[in-house]
Amino acid sequence: MTKIKLVASILFASLPTALFADAAHAQSGDQMATMLARADTNRDGAVSRSEFAAARTAMFDRLDRNNDGYVDSRDRPRLMGSRFDQAYGALLQADANGDRRISRAELRDAPAPGFDAADTDQDGVLSADEIAAIRSSR
Ligand SMILES: [Ca+2]
Ligand SMILES: [Ca+2]
Ligand SMILES: [Ca+2]
């Protein structure tokens, strides 16, 4: 693996589509479960809504390369642009006002259909059992 590819894989390794995907998207359960494992920052085996939101914010900060508080085409890197496009495409689901740029507020308020669908008992926390169910159901 070249150094550039290595850096890019670190920058975009957070499987951003999993943060916005709904059940209908072609998102493998393994990818979703891997993303959730990364989001579990306190390592209790469960992912709370705030941990999920923090994972989204971390992704936003990586994508907003010029740090202007918006993710849009101006943040597209010259290298590995296609990976940016993939993440940006997922993020556009949060573009509530349709201006093709995503603000922090839009990200914060965006629905999380993947999270909601996986939270089968609707307590706002994805338990280890609920995460295991994602992995086995897709
Ligand atoms: Ca947790
Ligand atoms: Ca930006
Ligand atoms: Ca739950």
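I began with Arg 100, and with 12 C-beta neighbours inside 10 Å I logged this residue as exposed. The cut-off for exposed is 12 or fewer. I am working from a predicted model.

I then placed Arg 100 in the loop between helix 5 (81–91) and strand 3 (102–103). I checked its backbone next. The phi of Arg 100 is positive, about 65°, although the residue is not a glycine. I noted this because most residues other than glycine have a negative phi.

Arg 43 belongs to the loop between helix 3 (29–39) and strand 1 (47–48). I counted Arg 43 as exposed, because it has 7 C-beta neighbours inside 10 Å.

Arg 49 came next. I found it in helix 4, which covers residues 49–63.

Last, I turned to the largest nonpolar core, which has 25 residues. Which members touch the most others? I listed Leu 36, Ala 39, Leu 63, Val 71, Ala 87, Tyr 88 and Leu 91. Two or more residues of this core come from each of helix 3, helix 4, helix 5 and helix 7 (113–118). Setting aside neighbours within four places in sequence, I found Leu 36 in contact with Val 47, Leu 126 and Ile 131.

Terms used:
Residues are numbered from 1 along each chain as its sequence is written. Chains are lettered from A and ligands numbered from 1 in the order in which they are written. This is a predicted model: local features need pLDDT of at least 70, side-chain atom pairs count only at pLDDT 80 or more; totals for chains, interfaces and linings use all residues. Helices (H or I, at least four residues) and strands (E, at least two) are DSSP runs, numbered from the N terminus. A residue is buried if 20 or more other C-beta atoms lie within 10 Å of its own, exposed if 12 or fewer, and partly exposed in between; C-beta atoms are placed from the backbone. A nonpolar core is a set of buried Ala, Val, Leu, Ile, Met, Phe, Trp, Tyr and Cys residues joined through C-beta atoms within 7 Å. Two residues are in contact if their C-beta atoms, placed from the backbone, lie within 7 Å.
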